[in-house]
Amino acid sequence: MTDLAHIRNFSIVAHIDHGKSTLADRLIQLTGTVAERDMKEQMLDSMDIERERGITIKANTVRIEYPAKDGQTYVLNLIDTPGHVDFAYEVSRSMRAVEGSLLVVDASQGVEAQTLANVYQAIDADHDIVPVLNKIDLPAAEPARVKEQIEDVIGIEAHDAIEISAKTGLGIPDVLEAIVTRLPAPKGDRNAPLKAMLVDSWYDPYLGVVVMIRVIDGVIRKGDQVKMMQTGARYGIDRLAVLRPAMTDIAELGPGEIGVLTASIKQVRDTRVGDTITHERKPCETPLPGFKPSIPVVFCGLFPADANDFEDLRDAIEKLALNDASFTYEMETSAALGFGFRCGFLGLLHLEVIRDRIEREYDIDLITTAPSVVYKIHMKDGETRELHNPADMPDLTYVDHIEEPRIKATILVPDDYLGDVLKLCQDRRGIQLDLTYAGSRAMVVYDLPLNEVVFDFYDRLKSVTKGYASFDYQMAGYREDKLVKMQILVNDEPVDALSMMVHRDRAEMRGRAMCEKLKDLIPRHMFKIPIQAAIGGKVIARETLSALRKDVTAKCYGGDATRKRKLLDKQKAGKKKMRQFGKVEIPQEAFISALKMDS
Amino acid sequence: MPELWQEAGFGIYLHWPFCAAKCPYCDFNSHVAAEIDQDRWARAYLAEVDRVAALVPGRRVDTVFFGGGTPSLMAPRVVASVLERIAARWSVAEAAEITLEANPTSVEAERFRGYASAGVNRVSMGIQALNDADLKRLGRLHSAAEALAAFDVARAAFGRVSFDLIYARQDQGLADWEAELGRALELAADHLSLYQLTIEDGTAFGDRFRRGRLPGLPDEDRAADLYAATQEMTAAAGLPAYEISNHARPGAEARHNLIYWESGDYAGIGPGAHGRLTLDGVRMATETPRAPGAWLDAVERGAGGSFPVETVPGEAVLDEFLMMGLRVRDGVSLSRLAGLAPNEEILSNINELVESGHLEQRDGRLAATELGRPVLNAVLRAILA
Ligand SMILES: Nc1nc2c(ncn2[C@@H]2O[C@H](COP(=O)(O)OP(=O)(O)OP(=O)(O)O)[C@@H](O)[C@H]2O)c(=O)[nH]1
Ligand SMILES: C[S@@+](CC[C@H](N)C(=O)[O-])C[C@H]1O[C@@H](n2cnc3c(N)ncnc32)[C@H](O)[C@@H]1O
Ligand code: SF4
Ligand SMILES: [Mg+2]
């Protein structure tokens with residue numbers, strides 16, 4: 001139990017790759033929270049996918065203790081957040097649990113789109129902000145220029161921004177001092193009824209459901225009977241701990257503190273992030289306002305490759321949703337694929353991450369159908385339907401018009417690449433809203449159709465600007481347009497999982513690109529396979545995948561019989577899991593890759 | 001009904017695991033050793049012949065095959081004593097085929113007469129390429145001229161000689177291969193093995209390939225063209241393919257290898273040798289330790305009796321029967337296939353492949369067609385998986 005004056009809670013926020021997780025490493029290291037021999041780079045990025053991709057996906061909380069220059073020891077709860085736009089919900093949620101933010105800016109790159117987005121969120125959460133200029137060890141670092149930029153573009157005071165290198169450790173002591181001196185202590189009343197915010201939760205194979213809380217008022221102790229105010233679920237606290245970052249038991253948590261609890265929670269659905277936890281006996285009067293729900297923008301179907309895995313998939317999805325409030329799901333059935341789930345995501349990376357996690361952490365092979373955004377179908381009888389899945393597109397004779405979701409995209413780009421960016425946006429049916437300059441960089445704001453952006457816009461943007469542009473977006477309502485459903489036929493059979501909505505004027509182009517892509521993605525079969533794109537029965541593009549010409553083992557003698565047979569056994573097992581579309585096997589990655597365009 | 005193996009015969013495979021150098025493409029159980037105690041190895045082989053003979057007594061031996069590694073590094077006296085022991089333990093067919101694999105260097109050619117007097121009547125020589133630049137890339141220790149000289153010695157010493165070439169090499173175009181194959185067909189006696197280069201895991205080539213350091217290998221279409229040209233040219237020269245990679249004048253097929261492809265019985269003797277033996281009507285798979293030292297120690301300790309002898313499950317017998325049998329031009333006998341009780345699904349898969357022209361049925365046999373053979377792996381998957 002720590003008194004309020006000696007607590008500081010903060011999140012570390014930045015544009016992707018500006019060094020948040022590395023700064024977290026240094027703070028953990030310098031305060032001796034983790035033994036030197038147990039340190040590793042970006043140690044909080046513990047998921048396999050995070051380490052492979054070198055990015056943070058989940059926000060992570062650590063409690064560290066810092067003996068400050070004033071002779072007092074402070075408890076600091078830091079939350080390292082992800083930088084990628086798809087995980088912005090993780091950031092906004094984390095911010096609700098703390099009072100301040102370290103705004104990290106890469107001194108060699110300067111202010112980027114997510115830097116801006118994060119500042120707005122921090123301001124929205126009433127945070128005090130300490131700007132930190134990272135990577136000043138780099139020869140390209142220009143701290144003076146970046147400070148100016150922060151003041152000009154963001155409009156916050158930056159003369160006392162701390163200059164650091166999270167890599168070399170330079171300036172880290174100043175960061176620790178600034179946390180104590182420049183960020184506020186939390187407020188709260190120890191004697192009031194318990195009011196704690198359910199910040200996050202996850203499923204641990206050994207411990208079951210683990211819940212992360214931020215205590216606002218009152219004190220929570222092991223053995224307490226608590227209830228979740230929104231879901232009404234009641235539990236006895238089995239275990240109370242803080243994360244250092246390993247779980248370390250603690251007797252109680254008071255106001256301002258952040259920790260985790262376990263409570264033999266059977267129903268994964270009982271824990272909802274943003275819920276308020278209070279004592280069953282002496283509850284608080286008003287619950288916390290909760291979190292703004294996130295709005296999924298990309299949908300796709302996830303089906304088990306092996307139909308027998310459906311129940312395991314349900315279990316996996318429920319557990320993952322527990323850990324990721326921005327992911328939604330509902331059951332779906334498809335003629336070709338059987339039972340599965342239609343899932344909603346904040347973006348394509350988010351989708352890929354969830355899919356990978358299900359496959360790896362739960363060992364289920366998945367078929368992922370072509371992603372789609374949500375269209376509004378206005379029927380002639382006045383009814384409006386939400387279309388999450390192009391396969392459900394109603395008969396056109398009953399449709400009056402279709403609206404598609406639009407976004408407002410903010411792109412920061414060096415002058416030299418502005419032309420390429422404008423062309424990309426124009427090609428994607430964008431409408432320019434604004435174009436301003438800050439030094440040698442332009443800030444362009446575009447109104448774009450979400451479906452032109454969601455699959456590969458970010459990759460394309462990076463590639464046309466050699467990585468120098470950054471991008472952020474917000475949903476910006478719906479607008480009517482000439483939209484049609486494009487079907488893909490493989491070997492003359494329509495593959496629902498590949499159908500998509502496209503703009504009429506772009507249909508031929510998209511259809512051709514899809515067919516070409518699929519031709520590369522589908523392996524050759526023993527027969528030739530026509531691949532066609534069609535709109536309402538009319539073929540608009542066509543490719544032919546030629547037949548397999550050579551696949552035979554050159555040498556096979558007595559000693560090879562066993563080995564070759566075992567290989568065949570493996571293929572038998574693989575094929576049992578593989579879904580056929582007619583006589584054709586379509587690899588799982590095809591459904592997403594086919595949508596990515598090269599231009 | 002005769003047992004499955006009886007229509008194909010009984011052969012003995014003996015593995016010699018040493019080579020003068022390891023070729024970068026080769027994943028055979030072959031090792032380079034500083035010194036080899038030939039007599040010690042001879043004693044171990046004899047002990048193993050004795051052990052296996054006790055498992056399947058009373059058989060008539062149709063073929064013996066000394067394979068490797070490089071069996072032409074064996075002292076002729078070792079080959080002689082093994083063959084003597086085989087003859088002492090079983091009856092040996094009068095016209096038995098006794099093959100030895102040889103590398104084509106001059107050192108080895110010197111021993112050819114010795115092998116012939118020991119009873120070897122067929123050699124299979126690894127010439128691999130007919131130009132020095134490619135031989136070097138393949139890591140071979142001999143030149144083309146040296147190989148051809150060794151081949152001449154072999155032709156004088158043995159009744160039957162065959163040689164191997166590896167094609168679809170780096171930077172080998174269709175015209176290059178056609179020219180080289182033309183020369184090979186002029187040189188060939190009555191048998192040729194023509195293998196497309198396979199990049200195997202765990203070899204130097206495998207490693208280089210994965211790191212993108214093995215450029216110039218043919219893509220699928222070129223590989224298919226090379227294969228088709230090979231079929232045409234060999235057939236025109238009177239040595240048509242009788243198996244995916246093996247060509248012979250009619251009647252000159254390698255009988256030992258046909259035992260493998262036609263699900264006959266074969267004893268596997270030596271390190272890492274596999275066998276198939278029908279014991280009390282049940283098809284068994286035998287295996288020995290792969291590492292030469294481990295095998296030798298075990299045999300010397302008298303531990304050969306503990307080498308694995310495992311039942312091949314019924315379904316696997318069928319898989320192997322088709323997997324091996326469809327490699328042969330004439331395919332498998334339908335009555336033998338029926339004896340293995342294939343299920344409805346397999347039969348209907350076969351029918352579909354007959355419809356699509358990948359398989360054909362004629363004269364009581366099921367065989368892969370010209371369309372099916374180059375994609376046999378896919379055909380097998382379509383039948384069995
Ligand atoms: N030279 C230099 N490199 C740094 C510094 N800090 C971080 N990096 C490197 O920048 C890259 C990104 O660092 P991370 O700490 O993973 O960045 P992040 O902001 O957590 O990234 P996301 O979580 O994906 O948004 C890594 O390769 C780091 O090694 C620094 O001070 N100097
Ligand atoms: C057991 S090997 C060795 C015979 C002998 N030691 C020699 O190398 O001449 C039999 C034949 O397999 C072929 N071979 C070995 N590895 C191969 C590969 N990776 N790809 C294609 N053929 C291969 C070679 O033609 C070789 O002659
Ligand atoms: S190809 Fe022949 S010589 Fe070369 S390593 Fe293999 S077995 Fe030995
Ligand atoms: Mg990170």
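A: Sorted by class, the shell around ligand 1 comes out as 6 nonpolar, 9 polar and 5 charged residues. Keep in mind that this is a predicted model. In total, 20 residues surround ligand 1, and the closest are Gly19(A), Ser21(A), Ile55(A), Thr56(A) and Gly83(A). If you want one element to start from, pick helix α1 of chain A, residues 20-30: it gives the most to this shell, with 3 residues.

α1(A) packs against helix α6 (residues 172-182) of chain A at about 85°, and the two axes are 10 Å apart. On the α1(A) side, the contact is made by Arg26(A), Leu27(A) and Leu30(A), while α6(A) brings Ile172(A), Pro173(A), Val175(A) and Leu176(A). By class, that makes 6 nonpolar residues, no polar ones and 1 charged.

Chain A has 13 helices and 33 strands. Its radius of gyration is 26 Å, close to the 25 Å that the globule rule gives for 599 residues, so chain A is as compact as a globular protein of that length. Along the principal axes, the C-alpha atoms of chain A fill a box of roughly 80 × 65 × 55 Å.

Chain A also has a neighbour. Here, 37 residues of chain B are in contact with 22 residues of chain A. On the chain B side, each of β6 (191-196), α9 (220-236), α10 (255-261), β9 (265-269), α12 (314-325) and α15 (376-384) supplies at least two residues. The largest share comes from α15(B), with 7 residues. The side of chain B that touches chain A divides into 21 nonpolar, 9 polar and 7 charged residues.

Ligand 2 brings both chains back into the picture, as it lies between chains A and B. Around ligand 2 there are 18 residues, and the closest are Tyr25(B), Gly126(B), Asp164(B), Tyr195(B) and Thr198(B). Strands β2 (60-68), β4 (122-128) and β5 (160-167) of chain B are the elements that give two or more residues to this shell. Its classes are 7 nonpolar, 7 polar and 4 charged.

Gly126(B) turns up again around ligand 3, together with Cys19(B), Lys22(B), Cys23(B), Cys26(B), Phe28(B), Ser30(B), Gly68(B), Gly69(B), Thr70(B) and Asn103(B). That shell divides into 4 nonpolar, 6 polar and 1 charged residues.

The axes of α1 (residues 38-55) and α2 (residues 76-89) of chain B come within 10 Å and cross at roughly 15°. α1(B) and α2(B) are therefore roughly parallel to each other, and their crossing is right-handed. α1(B) puts in Gln38(B), Trp41(B), Ala42(B), Tyr45(B), Leu46(B), Val49(B), Asp50(B) and Ala53(B), and α2(B) answers with Val78(B), Ser81(B), Val82(B), Arg85(B), Ile86(B) and Arg89(B). The residues of this contact comprise 9 nonpolar, 2 polar and 3 charged.

Methods
Residues are numbered from 1 along each chain as its sequence is written. Chains are lettered from A and ligands numbered from 1 in the order in which they are written. This is a predicted model: local features need pLDDT of at least 70, side-chain atom pairs count only at pLDDT 80 or more; totals for chains, interfaces and linings use all residues. Axes are lines fitted to C-alpha atoms, for helices over the stretch in contact, and angles run from 0 to 180 degrees between N-to-C directions. Helices (H or I, at least four residues) and strands (E, at least two) are DSSP runs, numbered from the N terminus. Angles under 35 degrees count as roughly parallel, over 145 as roughly antiparallel, 65 to 115 as roughly perpendicular and the rest as oblique. A crossing is left-handed if the near helix is turned anticlockwise from the far one by less than a right angle, and right-handed if clockwise. Two residues are in contact if their C-beta atoms, placed from the backbone, lie within 7 Å. Ala, Val, Leu, Ile, Met, Phe, Trp, Tyr, Cys and Pro count as nonpolar, Asp, Glu, Lys and Arg as charged, and the others, Gly among them, as polar. A residue is near a molecule or strand if its C-beta atom, placed from the backbone, lies within 6 Å of it. The radius of gyration is taken over C-alpha atoms; the globule rule is 2.2 Å times the number of residues to the power 0.38.
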